[in-house]
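Here are a few exercises to work through with the model open in your viewer. Try each one yourself before you read the solution.

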Amino acid sequence: MTDMASLMEDRAAGSDAANMRKPVDWDSADIARNVKKRYAAERRFKAYGLAAILLALAALLMLGYSIVSKGYSAFVQTYVQLEVTFDPATIDPDGTRDPAVIGRANFDALIKEALRKRFPDVTSRSEKRKLYDIVSSGAAYDLRERVMENPSLIGQTRKVWLIAGDDFDMLNKGYISADTKESSRRLDDDQISWFQSLTDSGAIEKRFHTRFFTNGDSREPELAGIWGAAVGSFYTLAVTLILSFPIGVAAAIYLEEFAPKNRLTQIIEVNINNLAAVPSIVFGLLGLELYLNVMHLPRSAPVVGGLTLALMTLPTIIIAARAAIKAVPPSIRQAALGLGASPVQTVSHHVLPLAMPGILTGTIIGMAQALGETAPLLMIGMVAFIVDIPGSAMDAATVLPVQIYLWADSPERAFVEKTSAAIMVLLAFLILMNGLAVFLRKKFERKW
Amino acid sequence: MSLTFLLLGIALLSALSFVFGRQRAIALSGGRYSNLHSLPVHYGTYTALWCGLPALALLFVWYALQGSVVQALIISDLPADITSDPGKLSLALNAISLIAADNAAHLDVAPEVVEAGQRLATLHTISNIALIVVLLSVALLGLALSYRRIFADMRARNNVERIVRYLMIGCSAIAILSTLGIVFSLLFEALHFFSKISPVDFLFGLEWSPQTAIRADQVASEGAFGMIPLFAGTLLITFIAMLVAVPVGLFSAIYMGEYASSTFRAWAKPALEILAGVPTVVYGFFAALTVAPFLRDSGAVLGLSVSSESALAAGLVMGIMIIPFVSSLSDDVMSQVPQALRDGSYGLGATKSETIRLVIFPAALPGIVGAILLAVSRAIGETMIVVMAAGLAANLTANPLNAVTTVTVQIVTLLVGDQEFDSAKTLSAFALGLVLFLVTLGLNVFALKVVQKYREKYD
C-alpha cells in the first residue's frame, strides 16, 4: 500500500513541478497528423505481411510453372513413319523362322535401308550417318519384337511408326529452332530439311510416350524411363517402413507410457530431438560406414538405402507417435486399468488403437520425406547408372529423386524435359501421400 | 538364400508355435480358463516369442557379420604380395566376387584369385546352408523349451509383458545407438584422416584442393585440406538464404497470425507448407536451370559478370525452401503470447502493428531467435540445392556473384563414385562430416537453450 501511495505522490509532485502539462487537445492538428502517421505505418506493416506471403506464393508458382512448362512435352514423343521392307535375307536367311535366329538379326540395317530409300539423294558416308540419327537406336528393338510376335511380316513391306532420335524430337517440339546459327545447334540444315520433308508428307507424329513410364534408365533420352527408379523407390520405402514403423511406435509407447522419469529417459528424449535435426547427409555417412564398410552389405541396394532412411525417419515417427499417444485422454487408461487390464493390455487394447490415426499420419509424412530424400542415398552408391529394373531389394537400383539428379546432370537437351517430367511424377506421389495424411487426420480426428 | 524367404519361414514357425502353445494351455485348463493363470493367448504368444525372437536376432547378427568374416577368410588365403598392397587387394577382391557370381568368363587374373573366387562361392553356399540349419534348430529349441514350461499356473502374461517391455526399451535405445553410430563412424574415419593431415592444417588452412597422388611415383602435390574456404562458402550461401527466409518468413507468420481472415489462412497456410514438402532435389533443379541462368542473363544486362554457379542463385532458392520453416516456427511462438498482453496494448490505444512490434515481437523474441538458429542449422546441412547449383571450386570470397563451394558439396563429390578408404581424399569427407555434425548439433542445442532460458513465463 505504501509503495502505491508513494508512487502516486511522486507522480503528483512531478506534475506539480515545472512541467505542469496542459490537458491534451485531442482535436489539434498535431494529434491528427500523428494519428494519420500511425495509421499509415499500420497499413504499411500490413502490406509488408501480405507482400511476404504473396512473395512466397509467387516463388511456389514460379517453381511449379518452370517445371510444368519444361516438362509437359516429355509425355509425348515424336515418331517417324517409314516404309520398312522386312527383308528375309537380313532377318532369316535360311527361312527357319527360329526365334533365336530372328533375335540375332540386324534390324538396324532394315531401318537404315528404309531411310536410304526414303531419301535416295543422300549418298556420302557422313551424310548417311546424319540421316540415320532421325530414328532412335531403340527402334530396332521394336522392330525385332514386332517380327518375333508376327513372323509372317518377313518378306513384306509395311509402313511402320518408329521412335525418333532425341535431337529430332527436340526439333519437332520446338526446342531446336531452325533460325539459330547452324554451328550452334545440334542439327544441321540438311537434317532439318529432311525432317521438314518428312513432316510435310505426314510421316511425323507425336504420340503419348508410354516408354517414359515403363523403361529403366538409358543413355538415349528418348528411351529413358522412370520405371526402374520407381521400383527402386518402392523397395527402399518398403524397407524403411518395415523397420521404422514398428521400432518408432514401440519406442514412442515406451517413452510415453512406461519409461520412468529418470536421467536415461531424458537423455533418450534429447537425443531423439537432436537426431531429427541432424543433416540428412550425415545419415548417409553413417550408412556408408556402418552398412557398407563394416557389414559389407551390397552397394547401391535398396536394402541399404532403406536401412539408412529408416534411421533418418525414426525420429519423425517417434515424435509424431508420442504426440498422438499423449492426445489420448488419461480417463481411457484409468477405465481400462480399473477393469483389471494390465498396463500392456491397456496400451495395446485401448491407447494404441485410439492413437493409430495420428501415428499413421505422422508415418505417412515421414515416408513422404524419405521418398524425396536424395543426399544420403548418394553416399551409399545409389547413383549408379542402372538400366535393369531391380527384381528385389538386394539388386542394384536407384530411386526417383536420384534419377532426377542424374538426369539434371546430363548434357542432352532432351534430358531437361525428362527431368521435369520425372519431378512431376515425384511431386504427384508426394501430393498423393500428403493428401492421404490430411484425409486420415480429417476423418479420424477426435476432440476429447 | 533370400532374406524374405528366411523371414517368412521364421514368421510361419512362430505362428505354428503360437497355435501349439495356445492348444496346450487350453488342454491343460480342462475347458475352464479360470484354471489357468493367464489367457490361452498369452501362452501362445509366449511360445511364439521364444521361437521367433532368438532366431530373428541370430539372423540379423549373421547377416551383419557374414560379409566381414567371409572376406577375412578369403584374404587370409591370398598370397602375401596381393594382400600387402591395398590397391591390388581391392582389385583382387572385386575379381573374386565376380568369379564367385559366375560373371567373369573373360577376366584375366592370377590362378590364386580364381581359386579364391571359387572358394568364395563355396563359402557362400556353406554359410547359407549353415544359416538355415542353425536358424531352424534355434527356433525349434526355443519352441520345445517354452512348450515344456507351460503349466496351468505358469505366469505367461507377466512373462510376455516383460519380454514386450524389453523389446520396447531396445527400440528406444536405437535412437541412442544411432547417435553413437554417427559419432563413432565419423570419429573413426576422421581420426584416420587426422593421422595423415594435421588437424591444425584442416581447421585453419586457407586452401582446399583434395588431390593426392594416386601412385607413389607421381609428382602431384600432397593436396591441401584447409576447410576455411568451404566454411566461408557455406556461411555465404546460408547468409543469403537467411536474408530471404527470415524477413519473408517472419512477415508471413505475422500476417497469417494477426491479420489474415480465416478463409485466407485456410488457403495460404497449406500453400506455404507445400514449399516445405517439395524435395530438395527439385529446388536444386529449379536453382540450376531457372534461377541461375536468369541471374546470369540479368547480370549481363546490367554489365555484371555473374557466375553461372553463383552463390546468389543457390542462396536465394535455399531461402525459399526455408521460408515455411521460419514462418511456421515463429507462428507457433507468437501465437503462444497470451491474449492479455494484446488486450492491454490495445486498451492503451496502440494500433495493431504497434502491438505486434512493441509487445508481441519482444515477448516472442527468444522463440524467434531459436527458430532462426534452427533454420541456420538446416541451411548449413542442406545438400542437394548446393550440389546442383553451387560450384566445386573452393573460392575464398564474399562476393555473392561468384561461385563458391560448401562443406556438403565437397562431401558428396568426394564420396560419389569409387572410394579408397586409405586415401586422405576420401577420409577428408568424414572429417568434414564430423565438423558439419558438430556445428549443426551445437546450433540445435544452443537454440533449445536460448528458448528455454529466455522464455517468458505467463500464468
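**Exercise 1: the chain A and chain B contact**

Work out how many residues chain A and chain B each bring to their contact.

Solution. This is a predicted model, so start by counting on each side. Chain A puts in 67 residues and chain B puts in 70 residues. Next, ask which element gives the most on the chain A side: that's helix H2 (residues 29-71) of chain A, with 18 residues. Finally, sort the side of chain A that touches chain B by class, and you get 50 nonpolar, 13 polar and four charged residues.

**Exercise 2: a pair of helices across the contact**

Find the angle at which helix H11 (residues 227-258) of chain A and helix H6 (residues 156-194) of chain B pack, and say whether they are roughly parallel or roughly perpendicular.

Solution. For H11(A) and H6(B), the angle is about 105 degrees and the axes are 8 Å apart. Angles of 65 to 115 degrees count as roughly perpendicular, so H11(A) and H6(B) are roughly perpendicular to each other.

Now look at who meets whom. On the H11(A) side, the residues include A:Ile247, A:Tyr254 and A:Phe258, and among those they meet in H6(B) are B:Arg165, B:Met168 and B:Cys171. By class, this helix contact has 13 nonpolar, one polar and one charged residues.

**Exercise 3: annotated spans in chain B**

Check what secondary structure the model gives for residues 230-254 and residues 427-448 of chain B.

Solution. Begin with the record: UniProt (unreviewed entry) lists "transmembrane region" for chain B at several spans, including 230-254 and 427-448. Over residues 230-254, the chain is 100% helix and 0% strand, with end C-alpha atoms 35 Å apart. Residues 427-448 also come out at 100% helix and 0% strand, and here the end C-alpha atoms lie 32 Å apart.

Terms used
Residues are numbered from 1 along each chain as its sequence is written. Chains are lettered from A and ligands numbered from 1 in the order in which they are written. This is a predicted model: local features need pLDDT of at least 70, side-chain atom pairs count only at pLDDT 80 or more; totals for chains, interfaces and linings use all residues. Two residues are in contact if their C-beta atoms, placed from the backbone, lie within 7 Å. Helices (H or I, at least four residues) and strands (E, at least two) are DSSP runs, numbered from the N terminus. Ala, Val, Leu, Ile, Met, Phe, Trp, Tyr, Cys and Pro count as nonpolar, Asp, Glu, Lys and Arg as charged, and the others, Gly among them, as polar. UniProt positions are given in the numbering used here, feature names are shortened, and annotations may be inferred rather than shown by experiment. Axes are lines fitted to C-alpha atoms, for helices over the stretch in contact, and angles run from 0 to 180 degrees between N-to-C directions. Angles under 35 degrees count as roughly parallel, over 145 as roughly antiparallel, 65 to 115 as roughly perpendicular and the rest as oblique.
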